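Subject: Structure for you to look at

Hello,

Here is the structure I said I would pass on. Please open it first; my notes on what was found follow below.

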Amino acid sequence: MRHGRKVNHLGRTDSHRKAMMSNMASSLILHKRITTTLAKAKALRGYVEPLLTKSKNDTTHSRRTVFSYLQDKDTTNILFREIAAKIANRPGGYTRIVKLENRLGDNAEMAIIELVDYNTVYGKDVAAKSEKKSTRRRGGAGKAKTATETAAPVAEETVADAPVAEATPEAETPATETPATPEKEENAEKGE
């Protein structure tokens, strides 16, 4: 039974594990995102999040405490100057772990661990989408009727424009052949 065993030893001695966590935490602070195994990412999250919380309080004591963990002066300065300003309003949860495919050599579970506030891929889109959401209600048949009424005149206008489009079939023929060429090239590259 594993009663009270909270620390994942990661198959390393205590000194090796502490040095590895220090190096990984420094890399995460410098690069804002690192790729590692899932077990190491989970262990790193428990190691680096208290350091990020300490960096919010910029005192000599907290700087020395964080430096005792990181053992890197430049990383400590970046943490207290840049990162602390970005995470000032966040009440915890500074890192995100995203699972990846298993590693080819040994089939180890891989993951990306990143600082949440430094992600530019999908953080802003979620906020924009949440603002646009509206409450959906049942019984939207009234809106559907008005939508079909407005769509009917539009359909009549497109029918009136159709004979004009049929009058110039020679001009449209090269235009339809041009998009087909890139598709043929893509299929040729794939070997199809």
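**Notes on the structure**

Leucine 52 is in contact (heavy atoms within 4.5 Å) with Leu79, Ile83, Ile87, Tyr94, Thr95 and Leu115, leaving aside its neighbours within four places in sequence.

Before the rest, two remarks on the source. This is a predicted model, in which local features need pLDDT of at least 70 and side-chain atom pairs count only at pLDDT 80 or more, while totals for chains, interfaces and linings use all residues. Residues are numbered from 1 along each chain as its sequence is written, and side-chain values use heavy atoms, with hydrogens and water left out.

**Overall**

The protein chain has seven helices and three strands; these are DSSP runs, H or I of at least four residues for helices and E of at least two for strands, numbered from the N terminus. Along the sequence their pattern reads α-β-α-α-α-β-β-α-α-α. Of the 192 residues in the protein chain, 23% are buried, that is, under 20% relative accessible area with a 1.4 Å probe, protein chains only. Among contacts with a separation of 6 or more, 57% are between residues 24 or more positions apart.

**The core**

The largest nonpolar core has 25 residues, and those with the most contacts inside it are Met21, Leu28, Leu44, Leu52, Leu70, Leu79 and Ile83. Such a core is a set of buried Ala, Val, Leu, Ile, Met, Phe, Trp, Tyr and Cys residues joined through side-chain atoms within 4.5 Å. Two or more residues come from each of helix 1 (14-31), helix 2, helix 3, helix 4 (73-86) and strand 3 (110-115). Helix 2 gives the most, with seven residues.

**Helix 2 and helix 3**

The axes of helix 2 (residues 38-55) and helix 3 (residues 60-70) come within 10 Å and cross at roughly 160°; axes are lines fitted to C-alpha atoms over the stretch in contact, and angles run from 0 to 180 degrees between N-to-C directions. The two helices are therefore roughly antiparallel to each other, the term for angles over 145 degrees. On the helix 2 side, Tyr47, Leu51 and Lys54 meet Ser62, Thr65, Val66, Tyr69 and Leu70 in helix 3. The residues of this contact divide into five nonpolar, two polar and one charged.

**Arginine 17**

Is arginine 17 buried or exposed? Arginine 17, found in helix 1, is buried, with a relative accessible area of 11%. Not counting residues up to four places away in sequence, arginine 17 touches Val7, Asn8, His9 and Arg12.

Regards

How values were computed: Parallel < 35°, antiparallel > 145°, perpendicular 65-115°, else oblique. Nonpolar A, V, L, I, M, F, W, Y, C, P; charged D, E, K, R; others polar. Buried < 20%, exposed > 50% of the residue type's maximum accessible area, 1.4 Å probe, protein only.
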